[in-house]
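Dear colleague,

I am passing on the structure we spoke about, and below it I have written out what was found. Please read the notes with the model open beside them.

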Amino acid sequence: MPDVFVVTGGAGFIGSHIVERLLAEPTGASVRVFDDFSTGALTNLPFAAAAGPRLEVIRGDIRDLAALEQAATGASVIFHQAALRSVPLSVEDPLGTNDRNVTGNLNVLEAARRRQVRRVVYASSSSVYGAGLELPKREAQPPAPLSPYAVSKAVGEQYAGVWTRLYGVETLGLRYFQRLRPPARPRLGVRGGDPAVHPLGTAGRAARDRGPAGAPAHGGMRRQRAALARRHRQGQAGAGLHAARRLRRGLRRAVDFFR
Ligand SMILES: NC(=O)c1ccc[n+]([C@@H]2O[C@H](COP(=O)([O-])OP(=O)(O)OC[C@H]3O[C@@H](n4cnc5c(N)ncnc54)[C@H](O)[C@@H]3O)[C@@H](O)[C@H]2O)c1
């Protein structure tokens, strides 16, 4: 039986790339997008028509546990990307951020537990490191969140670890660094700015009590900075394309981990 994957926030910037990558699996996996379309859009899924019945799009809110449970039924992995992804908005609306990012994240873990979903791969954030200047960042560094958004991501990691230890739901957190903006998707829910500062390929497994990390974490920061400067010299288009390639490589690693 081909896998069924759920991608929360699958109509968003990163989520839509995960969906595209999962649909390319030679095993013929099918994908359920679970998204409230608060920042996401169907236009981020231009491959939907070609995917046919292998792609199901569910309009739903991760704050709604019953809806999540239904979406998780029969799934083998949930890729959890849905969140309010803005530090300034989290400062303006800390309670709303907590609802979406902490309660929502908890619901995803709980839906996975109740529906026997084997694994949850979730989006964390480099913001959990805080403002420390120490480089390279290491996963073992203690979290030092400076905003409600960063707190929500740090709490999400803690909950995931507990759901693994207590309930056996396997979890993998990826601390994404700065936003990425491949040029092919002009209307994504991401603000403008420098593309490809720290592409997804540098994301590593969140600090976790479950053995040595399989994927390499943050290596060669100096090399990355030099490469970034080079890309800036080459212009934004070049940097954007490079970011897209790095994004694809990073996603491939995350997906391969769960084979
Ligand atoms: N883009 C980055 O640079 C970056 C950096 C660090 C972490 N992250 C994390 O990566 C994940 C994806 O970020 P993104 O850049 O793709 O953001 P995005 O805003 O483009 O995507 C988020 C998606 O989640 C959906 N969503 C939001 N609240 C929801 C809810 N309550 N229920 C269901 N769906 C909901 C939105 O509609 C959207 O489609 C987020 O968890 C974010 O915190 C992103």
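The largest nonpolar core has 42 residues, and within it Ala 72, Ile 78, Ala 112 and Val 120 touch the most other members. Helix H1 gives the most to this core, with six residues. Please bear in mind throughout that this is a predicted model. Leaving aside residues up to four places away in sequence, Ala 72 touches Val 6, Ile 78, Ala 111, Ala 112, Arg 115 and Val 117. Another core, of six residues, lies apart from the largest one, and it includes Tyr 129, Tyr 149, Ala 150 and Ala 154. As general background, nonpolar side chains in soluble globular proteins tend to be buried together.

As for the overall fold, the chain has eight helices and six strands, and read along the sequence these follow the pattern β-α-β-α-β-α-β-α-α-β-α-β-α-α. Of the 259 residues in the chain, 42% are buried.

The six strands form an open sheet in the order E3-E2-E1-E4-E5-E6, with parallel pairing. Its edge strands are E3 (55-59) and E6 (170-176), each of which pairs on one side only. On average, and with direction ignored, neighbouring strands of this sheet are turned by 20° against each other.

E1 runs parallel to strand E2 (residues 30-35) and is joined to it by five bridges, with Val 31 in E2 as the bridge partner of Phe 5. The chain passes from E1 through helix H1 (residues 13-23) to E2, in a β-α-β crossover that is right-handed. E1 is also joined by four bridges to strand E4 (residues 77-80), again in parallel, and there Phe 5 stands opposite Val 77.

Five bridges also join E2 to E3, and these two strands run parallel; in this pairing Ile 58 of E3 is the bridge partner of Phe 34. Helix H3 (residues 65-72) lies across E1, E2, E3 and E4, and its direction is at about 170° to that of E2.

Helix H1 itself has 10 of its 11 residues buried, so it is largely enclosed by the rest of the structure. Among the buried residues of H1 are Phe 13, Ile 14, His 17, Glu 20 and Leu 23.

The peptide bond from Leu 135 to Pro 136 is cis, with omega near -10°, and Pro 136 has its place in the loop between strand E5 (119-125) and helix H6 (148-167). Phe 37, a residue other than glycine, has a positive phi near 60°, and it lies in the loop between E2 and helix H2 (48-51). Phe 37 is partly exposed, with 16 other C-beta atoms within 10 Å. Gln 116, also a residue other than glycine, has a positive phi near 55°, and its position is in the loop between helix H5 (94-114) and E5. Gln 116 is partly exposed, with 13 other C-beta atoms within 10 Å.

With best wishes

Terms used: Residues numbered from 1 in each chain as written. Predicted model: local features only at pLDDT ≥ 70, side-chain atom pairs only at ≥ 80, totals over all residues. Buried ≥ 20, exposed ≤ 12 C-beta atoms within 10 Å, placed from the backbone. Pairing = 2+ DSSP bridges. Right-handed = clockwise from strand over helix to strand, strands pointing away. Axes fitted to C-alpha atoms, helices over the stretch in contact; angles between N-to-C directions. Contact = placed C-beta atoms within 7 Å. Core = buried A, V, L, I, M, F, W, Y, C linked by C-beta atoms within 7 Å.
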